[in-house]
Amino acid sequence: MPLIGLITGGLDFSNLFISLDGNSYETLAAAQEAGAATLNYGNFISAALNFLIMAFVIFCFVKGINTLREKTTKKVEEAPAKPTTKKCPYCKSEIDIEATKCPNCTSDITE
């Protein structure tokens, strides 16, 4: 990536390798031309850096979209829930709102 090259002073990670035959070669192309087996760890470093940079860019993009969405959506206030219980006028215990008879004191509820 050109940006990484500028930051590192022109260092090209894709040219980093280890020759497995014991000889030393100037470049990866020279080693491949000679038919030597190589361990190309520079390509891995380049791929890892590319992945991290792209992951950071996507993270920033998604975070910006989510922040924008939070600012533009109107907050809907929830209406208070209707009561589901009431007090028995005789024994003052909690009973269901639709009850016609108190389960505790067995009195008829007329409210």
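Which side chain meets that of D108 in a salt bridge? The points below answer this and comment on several other features of the model, which is a predicted one.

1. The D108 salt bridge. The partner of D108 is K101, and the N to O distance between the two side chains is 3.3 Å. D108 is partly exposed, its relative accessible area being 48%. K101 is likewise described as partly exposed, at 44%.

2. The other salt bridge. Two salt bridges are found when the whole structure is searched. Besides the pair formed by D108 and K101, K87 pairs with E94, with 3.6 Å between the closest N and O atoms. K87 counts as partly exposed because its relative accessibility is 49%, and E94 falls into that class at 46%.

3. Leaving aside residues up to four places away in sequence, S107 is in contact with C88, Y90, T100, K101 and C102. This list includes K101, the salt-bridge partner of D108, as well as the cysteine C88.

4. Cysteines. How many disulfides does the model contain? The count is zero. For C88, the closest cysteine sulfur belongs to C91 and lies 3.7 Å away, which is too far for a bond; a disulfide would require the sulfur atoms to be within 2.5 Å. C88 itself is buried, with 0% relative accessible area. C60, by contrast, is partly exposed, at 37% relative accessibility.

5. A buried lysine. Is K86 buried or exposed? K86, a residue of strand β3 (residues 85-87), is buried because its relative accessible area is 16%. The K86 side chain makes a polar contact of 3.4 Å with the backbone oxygen of I97.

6. Nonpolar surface. A nonpolar patch on the surface is formed by M54, I58, F61, V62 and I65. Together these residues present about 490 Å² of accessible area. One of them, M54, belongs to helix α3 (residues 41-72). M54 is classed as partly exposed because its relative accessibility is 48%, and a residue must have over 30% to be included in such a patch.

7. Points to inspect in the structure. The reader may wish to view the pair D108 and K101 together with S107, which touches K101. The sulfur atoms of C88 and C91, placed 3.7 Å apart, may be viewed alongside, given that S107 also touches C88.

Notes:
Residues numbered from 1 in each chain as written. Predicted model: local features only at pLDDT ≥ 70, side-chain atom pairs only at ≥ 80, totals over all residues. Heavy atoms only, no water. Patch = residues over 30% accessible without salt bridge, like charges linked within 9 Å, V, L, I, M, F, W, Y side chains within 5 Å. Areas by Shrake-Rupley, 256 points an atom, 1.4 Å probe, with all protein chains shown as cover. Salt bridge = Lys/Arg side-chain N within 4 Å of Asp/Glu carboxyl O. Helix = DSSP H or I, 4+ residues; strand = E, 2+ residues; numbered from the N terminus. Buried < 20%, exposed > 50% of the residue type's maximum accessible area, 1.4 Å probe, protein only. Polar contact = N/O pair within 3.5 Å; in protein donor to acceptor, adjacent residues only side chain to side chain. Contact = heavy atoms within 4.5 Å.
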